[in-house]
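Dear colleague,

Please find below the structure I am handing over to you.

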Amino acid sequence: LRRLDLLTAEEAGRAQKASSLPEQVRVVVDVLAGKGSYASQSLQTFIETTNSQLYLHITVYEPMVQKHLESLQSYYGNGLETGPLQRLTNLLLVEGLTDIQQKEHDILQIEATKGLRNVSKSIPLEKLFLPLSKVSIPPRISVTIGVAGIGKSTLVKLFVYTWAKGEINRDIIFVLPFTFRELNTYEKLSAERLICSAFPHITEPNCISAGAARTLLILDGLDEFKTPLDFSNTVVCTDPKKEIQVDNLITNIIRGNLLQEASVWVTSRPTAARQIPGGLVDRMTEIRGFRAAEMKDFLDQMFLDNRDLSNQVLHHIRANRSLHVMCSVPGFCWISGSSIAYYLKNSTDQSQETTVVPKTLSEIYSYYFKMALSSDWLEKPRETLRIEQAVNNSKKIVGSLGRLAFYGLLKKKYVFYEQDMKAYGVDLSLLQSSLCSRLLLKEEMQSFAAYYFSHLTIQEFLAAIYYYTAAKRAIFDLFTESGMSWPKLGFLNHFKSAVQRSLQAEDRQLDIFVRFLSGLLSPQVNKLLSGWLLLKDEHNSFRSQAISFLQGCLNTDYVISSRTVNTMHCLYEIQHMEIAKTVEEAMKNESLAGMLTPVNCSALAYLLQVSDVCMEETNLSNCLTYNVCKSLLSQLLFCHNLRLDNNQFKDNVMELLGSVLSVKDCQIQKLR
């Protein structure tokens, strides 16, 4: 073009600085557009006769890219408020998954780590797919992890929208976002059909499969995929036109057998992310939770018209250390904030004897459900629906959704489709109700709808309500969906079965479910939900025996694990805290010496997570033996400031402590 005198040296230099061929084309076309028809005709003749690839870019790829950008801007720009999303523009750069992330339930991860990761490096969103240094290459496989409700899908939407507007990563020509919810609906796909079915305007998918245009493939929500990824038995496929099982397609893409030139970004909850072998992951990032100021801003946004209410809610959250830690997760903060606000707005109408500030998980979710059940939601005034009619409708909805939630939980199924709804007796006509729309979200896809609970804990609470109700009349084991099992009679037998299954489960996915199940036996929760979902005072028949059973689960010599701590959480939910109070008092008075029996050790392990006494400093001076120290190691990891002086430790204990300090999860900053 310089030789034809169509561009000046300065204009040609500007075009050459562009990072990719399509960018160069854009610069050239913009320059020539202002030079009249002669320049345009000369350019067209030149392109058609000298450079077929350039001709393709201008006549085929460029319009295709433009249509793709417009499509993504239109879809992802809806309802995306960029103001409160500042937290998502900077991700933590992590070196793989820690032990606790691979093994524990999301909530247990947050409780143990206090919502903090021992990470010093971060990476801005716009550099997520760039090399970290001048001598490194861009990552091919990136994985971003985060617990349920932290904002993974919101992060994807923010990235796609910002990219489509041309504000970041302009070197990427195609960004192709998919969700595993969509992929669940296919049995077989080829790499090219995957692209064309989601983006029909991409008429030349071979430019992506052949690597002619730099592409980023986004796979959002691995934890929602119906089939576990099996990398050890992947059937190799290198043909982008060949249709194969969807799970095989994903593993072949990640392995680089298909779309090898494309970058791939997977988002997932931590436990599901372990399916991808660490050796295949070039970059792992994590979404952090709220800092103090961000939590305040979030609540202010929730209660825009009532700043006093926002401040009161924040005061109650901060007063409860355990709750404050949990509220670092936006999804949980929304549920807790809504529940506490509902309590504050209604507590003035009732005597203080019947209303207590929600503290336990079960109380928070009971208030949340009561608020939804009575249609007294934050965004709208109370509906004048007759109470009897509301109760009957609510029981029907909660019953069918609870069954769906329970068996979904057992199958690790978090996304449901129309056939699932019918299979579990969910009346689709009732899904339009106010209550249902608050518990279950619906996402319209191209040719189907996907349903999912508004947060994982909503599914777990509904599952617990279903199990609690069904266990009172069931004659077979409820965990066996077919009903074929040895007879199991009486609520207590079913309660014991649920607790034992959670203690034995390797993946820990029933831990919060059994906390909620225990919480439904507490006097306060019974007061809140009696007349709606529970019968008044019915808990009295089972509560003391359930407490005895839970306490019996603590008598396991000096073996303290997250299972033991979860059993203590169950006792807290059921409102039986005598053991923990005794140990906490001894900690305050520095009189723990000689009283650390196996049961008291369990209470101590629990208190290390939740007690204010341990917030500034964990003082375990003059009270530990080798066995006790060994049993508490998994909990001592997360104490920031630890005092262990005057314990007469010998070399074997020092070796134990040395091993702890080298663990990836370790958060100890100061040790005496």
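In helix α17, Ser 362, Tyr 365, Ser 366, Tyr 368 and Phe 369 meet Thr 457, Ile 458, Phe 461, Leu 462 and Ile 465 of helix α21, where contact means heavy atoms within 4.5 Å. Helices are DSSP runs (H or I, at least four residues), numbered from the N terminus. The residues of this contact comprise seven nonpolar, three polar and no charged; Ala, Val, Leu, Ile, Met, Phe, Trp, Tyr, Cys and Pro count as nonpolar, Asp, Glu, Lys and Arg as charged, and the others, Gly among them, as polar.

This is a predicted model: local features need pLDDT of at least 70, side-chain atom pairs count only at pLDDT 80 or more, and totals for chains, interfaces and linings use all residues. Residues are numbered from 1 along each chain as its sequence is written, and side-chain values use heavy atoms, with hydrogens and water left out.

The largest nonpolar core has 220 residues. Such a core is a set of buried (under 20% relative accessible area, 1.4 Å probe, protein chains only) Ala, Val, Leu, Ile, Met, Phe, Trp, Tyr and Cys residues joined through side-chain atoms within 4.5 Å. Phe 159, Phe 174, Phe 369, Phe 513 and Leu 592 have the most contacts inside it. Helix α21 (residues 456-471) gives the most to this core, with 12 residues. A second, separate core of eight residues includes Leu 6, Leu 7, Val 28 and Val 31.

Beyond its neighbours within four places in sequence, Phe 513 is in contact with Phe 406, Leu 409, Glu 460, Ala 463, Ala 464, Tyr 467, Phe 479 and Ala 498.

With kind regards

Definitions and conventions
Buried < 20%, exposed > 50% of the residue type's maximum accessible area, 1.4 Å probe, protein only. Helix = DSSP H or I, 4+ residues; strand = E, 2+ residues; numbered from the N terminus.
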